[in-house]
Amino acid sequence: MLAGMTDVRSADAAKRLGVETTGIEIIDESARTAAPRDLFWPWFAANVSVFGISYAAFVLGFGISFWQAVLVTVVGVVVSFALCGIIALAGKRGSAPTMVLSRAAFGVKGQKVPGVISWFVSIGWETFLAILAVLATATIFERLGWGGGTATKVVAAVVVAAMIVLAAVAGYHVIMRMQSVLTWVTGAITVLYVAMTFTHIDWSAVSSLPSGGIGAVIGALVLVMTGFGLGWINIAADWSRYQRRDASGAAIVGWNTFGGALAPALLVCYGLALAGSDQAVLDGIGADPIGTLATLLPTWVLVPFLVAAILSLVSGAVLGIYSSGLTLLSLGVRIPRPMAALIDGVILTLGTFYVVFVAESFINPFQSFLITLGVPLASWAGIMIADIALRKRDYDDDALFDSSGRYGAFDWVSIGTMAVASVLGWGLVVNNFADDASWNNWQGFLLDPLGLGTFVEDPAGSYWEGTFAYANLGVLLALVLSFVVTYVARGAKVRAQESRA
């Protein structure tokens, strides 16, 4: 009894401090007060980043023209965030985190398969954002003459990690308020950056960029989709679970898409003009995105630019760490939600320190590992979207937490679909870091047999050649195949589940 009273008192104290104590349990009806338009703020704030401008260099790296790149950017960004909006519908229907709602498609215990992948993806990408923030600080401090050495990096790492962890521990309500403020701060400074660099654009150089083939266009499209909407899709329902039950589904999809896609679509298109005008910018972004963009600015703008860069990266990392904590709980770890966020925040901090101070060469293998996880994540998204499309009723709250309920312990059709689609998908993607992560060069094993590409081992650097070698068709295959198989194979089962209501 005493332990129970202590828990209640701890929860009450946390609430008084503004800390969200709700974990993966169903949100009470009285707490579901959010409106669809509220979804604009977290998605916009997390994506209105000068870092988004740097994606333009990666898009142009496929050897496509400016207008091809613009088309790829707009379509890729909008479609990928629209898919996030569809996943967000599940949050309204079930008022639980994304990976808990995923139990309806995979089974209460089977959900741990995509859950583990989701956890690694969230932790990994948010650590990557924190690393970028630290390196950006060091680069800009060095240019200002303030020193960009070890001491600067240590302070930057501590400050960045502290901001991310504290916000994630505080939870949903604090994050929503924080994001609404960050939207204006980062947005204003990003507009200032555009104004200060607009004269750097050389339209004759931009318009002279040669067109690329269909393989290059598809590869650029997949890059944009995975770098933006698909990179967030495993946490989309986490931010819609506080929506009122009578909220419009179309409005939820619309505001989610608008909030997430607006800034990236505009910023990447601007970046295409910027990078297409200057080969030095195009080449430098790969090694140091933020630092390269800063070289176009006068010295007096560097401090506000740094603030905007750090806050935008922190904003994105906060969403990921908050959701990774919820995913950790969905895997069966029995701790309070703030503690789960704190644990993931500590992992992020240690990972950031390790990469920045111990193993800087680790960053390319690290990215290779994360990109590899993008294929099964795309498969999960296809399965989840099909499951949402098949369901006509709200989720059974109790069954989401009971392996003997209507959703069962394991859904072998979904698990099998994800396994097969992932293997096929890995066979059609390539390791973009073949020399730094040679252990991952098994990918692309279907390209040569299908005549889509050939792996060339060269002493100067290994690479793939072929029209579709770098198209990363495996991501699209995993997404589409999983959707089609699930929609066809599980329709009868979903109808049977809902008939038990």
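Modeller: Contact here means heavy atoms within 4.5 Å. The model is predicted: local features need pLDDT of at least 70, side-chain atom pairs count only at pLDDT 80 or more, and totals for chains, interfaces and linings use all residues. Residues are numbered from 1 along each chain as its sequence is written, and side-chain values use heavy atoms, with hydrogens and water left out.

Biologist: Which residues is Leu476 in contact with, leaving aside its neighbours within four places in sequence?

Modeller: Leu476 lies in helix α20, residues 473-489; helices (H or I, at least four residues) and strands (E, at least two) are DSSP runs numbered from the N terminus. Its relative accessibility is 24%, so Leu476 counts as partly exposed, the class between buried (under 20% relative accessible area) and exposed (over 50%), with a 1.4 Å probe and protein chains only. Leaving aside neighbours within four places in sequence, the contacts of Leu476 are Ile218, Val222 and Met225.

Biologist: How far apart in space are Leu476 and Val413, C-alpha to C-alpha?

Modeller: In sequence, 63 residues separate Leu476 and Val413. In space, C-alpha to C-alpha, the separation of Leu476 and Val413 is 20 Å.

Biologist: Are α3 and α11 roughly parallel or roughly antiparallel?

Modeller: Axes are lines fitted to C-alpha atoms, for helices over the stretch in contact, and angles run from 0 to 180 degrees between N-to-C directions. The axes of α3 (residues 51-60) and α11 (residues 214-227) come within 9 Å and cross at roughly 155°. Angles under 35 degrees count as roughly parallel, over 145 as roughly antiparallel, 65 to 115 as roughly perpendicular and the rest as oblique. The pair α3 and α11 is therefore roughly antiparallel.

Biologist: At what angle do the axes of α9 and α13 cross?

Modeller: Helix α9 spans residues 172-197 and helix α13 spans residues 249-277. The two are roughly parallel to each other. Their axes come within 12 Å, and the crossing angle is roughly 20°.

Biologist: Which elements are included in what covers the buried residues of α2?

Modeller: Helix α2 (residues 40-47) is mostly covered, with seven of its eight residues buried. Among them are Phe40, Trp43 and Phe44. The cover includes α4 (66-94), α9, α12 (229-232), α13 and α16 (302-330).

Biologist: With which side chains does the side chain of Asn234 make a polar contact?

Modeller: Asn234 is in the loop between α12 and α13, and its relative accessible area of 2% makes the residue buried. A polar contact is a pair of N or O atoms within 3.5 Å; within protein, one must be able to donate a hydrogen and the other to accept it, and residues adjacent in sequence count only if both atoms are side-chain atoms. The partners of the Asn234 side chain include those of Ser118 (2.7 Å) and Ser122 (3.2 Å).

Biologist: Which side chain makes a polar contact with the side chain of Ser414?

Modeller: Ser414 is part of helix α19, residues 412-426. At 0% relative accessibility, Ser414 counts as buried. At 3.4 Å, the side chain in polar contact with that of Ser414 belongs to Arg490.
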